[in-house]
Amino acid sequence: MTLDDLDLAILRALSANADQSTTQLGQKLGLSQPATWRRIRRLEEAGVIAGRRLVLDAEKLGFGVTVFLGVKLATKGRVSLEDFERAVGAIPEVQTVDHVLGLYDYRLRVVARDLADFERVLRRRIMTMPGVGNVEANVLLSEERRPGPI
């Protein structure tokens with residue numbers, strides 16, 4: 001699918017605010033509501049728009065600490081990657097599980113109420129999982145969200 005300037009403008013606008021109506025979006029871009037709706041529908045059918053998400057503020061929900069964990073599996077032959085992904089994905093505090101190339105096998109985004117809560121999750125849930133070898137933690141100090149390359 002070839003994207004034109006209007007498609008890219010729609011994607012940028014929806015990335016910034018997916019709640020806006022097709023009427024509002026069309027007015028911003030100089031399109032009619034039906035034309036805007038057809039373009040969005042075409043982008044969805046082509047898989048360019050894969051879905052919409054609700055973004056929650058973890059801190060306002062009582063999770064004031066975010067930690068990125070680098071996890072190296074002890075022996076890849078002992079525990080399958082799928083088993084590790086399934087087990088770590090079942091831990092509610094683990095927000096994302098990324099299989100990565102580099103020093104570590106996985107990068108996890110973990111939220112916790114505070115550092116003591118994070119330590120509990122790390123010691124009782126993550127470090128006790130079969131196959132977990134080295135772990136490196138990086139505490140998030142601040143985050144700037146970027147809309148992406150479009």
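## Legends to views of the predicted model

View A. In the protein, the mean positions of the 22 positive and 20 negative charges lie 1 Å apart. Lys and Arg count as positive and Asp and Glu as negative, while His and the chain ends are not counted; each charge is placed at NZ of Lys, CZ of Arg, CG of Asp or CD of Glu. The model is predicted: local features need pLDDT of at least 70, side-chain atom pairs count only at pLDDT 80 or more, and totals for chains, interfaces and linings use all residues. Residues are numbered from 1 along each chain as its sequence is written, and side-chain values use heavy atoms, with hydrogens and water left out.

**View B. Domains of the protein.** Domain 1 covers 5-46 and domain 2 covers 59-139, with bounds from an automatic or database domain assignment. The centres of the two domains, taken over C-alpha atoms, are separated by 37 Å.

**View C. Secondary structure of the protein.** The protein contains 5 helices and 4 strands, which are DSSP runs (helices H or I, at least four residues; strands E, at least two) numbered from the N terminus. Their pattern along the sequence is α-α-α-β-α-β-β-α-β.

View D. Of the 150 residues, 31% count as buried, that is, under 20% relative accessible area (1.4 Å probe, protein chains only). Among contacts (heavy atoms within 4.5 Å) between residues at least 6 apart in sequence, 65% join residues at least 24 apart.

**View E. Extent of the protein.** Along its principal axes the C-alpha trace spans about 55 × 35 × 25 Å.

Methods. Buried means under 20% relative accessible area, exposed over 50%, partly exposed in between (1.4 Å probe, protein chains only).
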